[in-house]
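Subject: Structure handover

Hello,

Here is the structure I promised to pass on. Please open it next to this email and follow along.

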Amino acid sequence: MSDTPGPGEPTLEEQIAAYQREFQDLDPQVEKIVSALSRLNRRMNVAYGRQTAELGITNADWEVLKALVLSGAPYRMGPSDLAKRLGLTPAAMTHRIDRMVAEGLVDRQRDESNRVRVIVELTPEGHEKWVQAMRLATVFEADLLQDLSHEERVALGEMLTCLLRRVEDDQPDAGGRLSDLDD
C-alpha cells in the first residue's frame, strides 16, 4: 500500500519526520499507526459521504437510520436515546429528526404507553435508503480490504477492536459503542 497523501498533505513519513524534529520523544511506530488510522477514517468518511449523497441522504441521516436499524424491529427509539447514542444534544437531534420526517425517512409518533413521550420510527423509505447505503458501503469496503487475506482481515479486526476497547475503557464518555462490537 503506498503512502499517497491528499493534496497539500505530507506523506506519513514526512509528517513523522517533522514531528520528530519538533518533539524528540515521539515513537515513530506509534505515530505512523495513529496517523494512518486518522487519515483512513477521514477518507472513509468522505467516501461514505459521497455514497450517501448519491442516495439523497447525508452521513448524519445515515447515522440515524443505522441507529434505528440496530435497535431491531420495529426500528423505534426515543429522541433522547437517539441523541445519546449519536453523541448529539437534544436540540441537534430534534433538528435532525424534523428534517428526516420532512424527507419521509422517519416518523414521529406518541408512545402508546406514555402519551407524553415521542418515539421515532423508521419508515419503509428510510429502511430502503439504509439498504441502498449498505449495498454501496459493502462494495466500497470489499474493495478497500481486497489486498488482505482472510487471516489478515481477522487479525486486523481483532487488533482494531483491541484498540477501540482501550479507548472506550479510558474514555467512557467519548461516545464509544462497545456493545455494538459484542455480537
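Helices (H or I, at least four residues) and strands (E, at least two) are DSSP runs, numbered from the N terminus. By that rule the protein has 8 helices and 3 strands. From the N terminus on, their order is α-α-α-β-α-α-β-β-α-α-α.

Two notes on how to read the values. This is a predicted model, where local features need pLDDT of at least 70, side-chain atom pairs count only at pLDDT 80 or more, and totals for chains, interfaces and linings use all residues. Residues are numbered from 1 along each chain as its sequence is written, and side-chain values use heavy atoms, with hydrogens and water left out.

The whole protein

The C-alpha atoms fill a box of roughly 60 × 35 × 35 Å, taken along the principal axes. Buried means under 20% relative accessible area, exposed means over 50%, and partly exposed is in between (1.4 Å probe, protein chains only). Of the 183 residues, 26% count as buried. A contact means heavy atoms within 4.5 Å. Take the contacts between residues at least 6 apart in sequence: 47% of them join residues at least 24 apart.

UniProt has an unreviewed entry with the annotation "domain: HTH marR-type", covering residues 30-169. UniProt positions are given in the numbering used here, feature names are shortened, and annotations may be inferred rather than shown by experiment. Over residues 30-169 the chain is 71% helix and 12% strand. The end C-alpha atoms of this stretch are 19 Å apart.

Helix α2

Start with α2, residues 28-54. The expected span of a helix is 1.5 Å times one less than its number of residues. Helix α2 has 27 residues, so it should span 39 Å; its end C-alpha atoms are 39 Å apart, which agrees.

A polar contact is a pair of N or O atoms within 3.5 Å; within protein, one must be able to donate a hydrogen and the other to accept it, and residues adjacent in sequence count only if both atoms are side-chain atoms. At the start of α2, a side-chain oxygen of D27 comes to within 3.0 Å of the backbone nitrogen of Q29. Just after the helix, G56 takes a positive phi of about 80°.

Which residues of α2 are buried? They are E31, S35, R39, M44, A47, Y48, Q51 and T52. An α-helix has 3.6 residues a turn, so residues three or four places apart point the same way. The buried residues of α2 pack against α1 (12-22), α3 and α6 (124-144).

Helix α3

Next comes α3, residues 59-70. Its 12 residues should span 16 Å, and its end C-alpha atoms are 16 Å apart, which agrees. T58 caps the N-terminal end: a side-chain oxygen lies 3.3 Å from the backbone nitrogen of A60. Just after α3, G72 takes a positive phi of about 90°.

The buried residues in α3 are D61, W62, V64, L65, A67, L68 and V69. Look at D61. Why does D61 count as buried? Because its relative accessibility is 0%. Leaving out residues up to four places away in sequence, D61 touches R99, M100, E103 and L105.

The sheet

The 3 strands form an open sheet in the order β1-β3-β2, and the pairing is antiparallel. The edge strands are β1 (76-77) and β2 (106-111), and each pairs on one side only. Two strands pair if DSSP finds at least two bridges between them.

β1 and β3 (residues 114-122) pair over 2 bridges. M77 stands opposite V120 in β3. How many bridges join β2 to β3? There are 6, and the two strands run antiparallel. V106 has L122 as its bridge partner in β3, and D111 has N114. β2 and β3 form a hairpin with 2 residues between them.

Helix α3 lies across β1, β2 and β3, and runs at about 105° to β3. Axes are lines fitted to C-alpha atoms, for helices over the stretch in contact, and angles run from 0 to 180 degrees between N-to-C directions.

Finally, find V101 in helix α5 (residues 90-102). V101 counts as partly exposed because its relative accessibility is 29%. V101 touches V106, D107 and R108, not counting residues up to four places away in sequence. V101 and A73 are 28 residues apart in sequence, and their C-alpha atoms are 19 Å apart in space.

Best wishes
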